Every structure is written in structure tokens, then in C-alpha cells.
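This report describes a protein structure, beginning with the fold of one chain and ending with the contact between two chains. The sequence and the structure are shown below.

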Amino acid sequence: MELILIFISAAIVNNFVLAYFLGICPFIGVSNKLSSAFPMGLATTFVMVLTAIVTWLIYHLILVPYHVEYLQYVSFILVVASLVQFVEMFIKKVSQPLYRALGIFLPLITTNCAILGLALFMVLKDYTFVQGIFYGVGAGAGFTLAISLMAGIREELELANVPRAFQGAPITLIVAGLIALAFMGFAGMISV
Amino acid sequence: MKKQVSLATEYTKGLWDQNPVFKQVLGMCPALAVTVSAMNGIAMALATTFVLTFSSLIISLIRKLIPTQVRIASYIVIIATFVTIVDLVMRAQFPELSKALGPYIPLIVVNCLILGRQEAFSSKNTPVRAVLDALGMGTGFMVALASLGGIREILGSRTLLGVQVLPDAFDPWLVMILPAGAFLTLGLMMGGLNQMVLRKKTREERELAARHLQKPKMSLEHGQEA
């Protein structure tokens, strides 16, 4: 039950994009079309879960026992960067169609703050290994949900008559604000 | 072409022409997340500027030593080192500020603004230029964060830098200090700034067209400027 709460909390109530402002760059950059936004969300989710697993192991098995917690930023970011590289190579080897679908997004994920944010929040909240995995899945699902919603709206927005000054980033931000307002309805539903 | 740009321009271009937040839409996560108050925005921008300046300096000093294949990884390690320094110093010296900014200080590591400047500028330019560029970008970032934070703080909690500026009769707009307010305020600010630029551009174009009609000879010069 607690695990499900962690999942829902990370995915909806404390959505990474709309409540914590993590992963805004891809959220604005890759949300033009649903056909690219959804795979981007999936790729991010995949990396998030792996990151949750690996950074938990590194933090609790290496950094804490040797009292070098201050190295967490350097080691986490290296983990994320190498993990992304590894995932890219792995997918390329195993499944060409999947690589064609996700490949171009993978390098972008390294500088996605949601990934590093996930690792840092996991340490802050002191999650156990299993909780961490659920947190990673939830955060990824939340990211996928937010970016897909955004892409769906932006596809419709193409047809709308937006003032010239507001085209591009400004209108996207305003739409994001409205989605965030809608998501505020979930606030206080669960507190984990 | 880069060589012809004067040193002063390397600094000033970050303030407006290439303002990281308003023009390049970089570094959005901290810009939106911490700007509940002007003070938070300024502190965040100072921390970012520190990291940006020193990593630009180091990277531009060793730019010829870094192999191209591993450059991104090297940049990230250098940036992460300075972020760790900032984080530890802030925790020791300004515990309250550090608590308010929370995990967004370590997240400077993945601020696309910093990595972007290293990739686009420091790795190709001399240390002096790289530092000036970094300071300019940092100042531009601070202008954006302070104004965004200021607006949200005034409307959301009636204060500016902790001093009350609006009367008690004014109902604070709670939405401004919530996440939704950050998106809406920044979106409106960017739109407003674009509108100003557009208006200026059309006015200049009109003046230019008028001058063309008077003196056909001038047209070549102006064409080059534009």
C-alpha cells in the first residue's frame, strides 16, 4: 500500500515537472508532437528506474560506508552520464526499432535535471531500495504524463491564432501554468 | 568573426541580447523553482554565476588538453566539483538560504545554461573572454531571476526582499507563490518582452524604409547592418 502511495505521489500529486520544475528543458523542447513526446517520456522513465537502482546502491554501499557523502553530486552525475551511454549502446545492439524510436532522445536525458533530481530526492527522503524503485517508476510515469499532455495541447495550439510575441516558449509556459493549476487539484490528496 | 567582438561585448551580450532565460530559454528549472522571493532568486543566480565563472575559467584553460570524445564528461565533473564547493559553503555560512533552495543547489550541475556555455563558448575561447562571457551570462541570469522573483514576491506575499510594499488591504495572490504562478509569470514576462522587441523592430524597419526612399545610396550600408 505504501509503495502504491509513493508511486501516485511521485506521478501525480508531486509531479516532477509541474510541482518541482524538474525536466523543464525537454518538457518545453521536445513537446511539439505527441509522436516524439511519448517516446521521450518512455526513455526518461527507463533511465530514471535504472538511475534509482544504481544510485541507491552506490550511495548506500559505497558512499555511506566510506563517509564520502560529499562526493554524491560528482558520482551521481557520472553514473547518470555513463548509464545513458550504456543504455544507448545496449538498445542499439538489442533492438534496432527501439533504438530508432528512442535513440535521438537518449543524449538529451543526461542533462535532464529530473534524473539527477530523482537521485537527490531519494537520498533526502531516505527511501529503501524497493521504495526507491517505485519512486523512480512513479516519477517517470509523471514525466511521461506531463510531456504527453503538453504535446497533445501544443498540437492543437498550432491551429490557434496565438499573438506573435507569445508564440513558442511564452505560450508553452502559460499552458504549463494552466496544467499545473489543474494538477493542484490533487494537492493534499496524499502526503508522503 | 569571434575575434572581432570587443571584450565589453562579451560581457554585455549576456545581459540582454542573449539573456539565458528570456532569450535562450536555458536554465529554466532553477528559474522557475526557486523564485518564490527575490532574495532566493538572487542567491540562486549568485551560486550559478560562481559555478559558471570558475568552470568556464578552468575549462577554457585546459580546453586544448581535453580529448573531444570525453569532453562532456570532463565538463560535468569540473562543474560538479564547483557545485559541491558552493553547496558546502552555503550549508556552513547561510544555513537558512541553503534550506530554502534545497535540492536546487546540487541541481546546478545539470543546469543546461552552464554546460551550454562550456560547449558553445569556453571550449573555443581564451580564458579572459570565457570569464567575461560567464560573468555576463550570470548577470543576465540574475536579472531574470530577480525580476521574476520580485514580481512573484510582491503579488504573492506583498513583500519585496522581505520588506512589505503592498498594503494589508491587498489580498495576496496565493497562486503566485505556487508552481502554477511561476509558469504563468514567466510566460507573460517573456511574451511582454517579445512584444517590446517586436514593436521596436517594426519601428526601426519603418524608419529604415523611410530613409531608403529619401536616399537610395544609403541602402547598401543599412543592408549590411541588418
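## Secondary structure

Helices are DSSP runs of H or I with at least four residues, strands are runs of E with at least two, and both are numbered from the N terminus. The model discussed here is predicted.

In chain A, this assignment gives 9 helices and 0 strands. Read from the N terminus on, the order of elements in chain A is α-α-α-α-α-α-α-α-α.

## Overall dimensions and packing

The C-alpha trace of chain A spans about 60 × 45 × 30 Å along its principal axes. The radius of gyration of chain A is 17 Å, which agrees with the value near 16 Å that a compact globule of 192 residues would have.

Of the 192 residues in chain A, 48% are buried. Sequence separation gives a further view of the packing: among contacts in chain A between residues at least 6 apart in sequence, 81% join residues at least 24 apart.

## Contact between chains A and B

How many residues does the contact take from chain A and from chain B? Chain A contributes 34 residues, and chain B contributes 34 residues. On the side of chain A that touches chain B, at least two residues each come from helix H2 (24-29), helix H4 (72-94), helix H7 (113-125) and helix H9 (169-183) of chain A. The most is given by H9(A), with 9 residues.

Sorted by class, the side of chain A that touches chain B holds 30 nonpolar, 3 polar and 1 charged residues.

Note on methods: Residues are numbered from 1 along each chain as its sequence is written. Chains are lettered from A and ligands numbered from 1 in the order in which they are written. This is a predicted model: local features need pLDDT of at least 70, side-chain atom pairs count only at pLDDT 80 or more; totals for chains, interfaces and linings use all residues. Two residues are in contact if their C-beta atoms, placed from the backbone, lie within 7 Å. Ala, Val, Leu, Ile, Met, Phe, Trp, Tyr, Cys and Pro count as nonpolar, Asp, Glu, Lys and Arg as charged, and the others, Gly among them, as polar. The radius of gyration is taken over C-alpha atoms; the globule rule is 2.2 Å times the number of residues to the power 0.38. A residue is buried if 20 or more other C-beta atoms lie within 10 Å of its own, exposed if 12 or fewer, and partly exposed in between; C-beta atoms are placed from the backbone.
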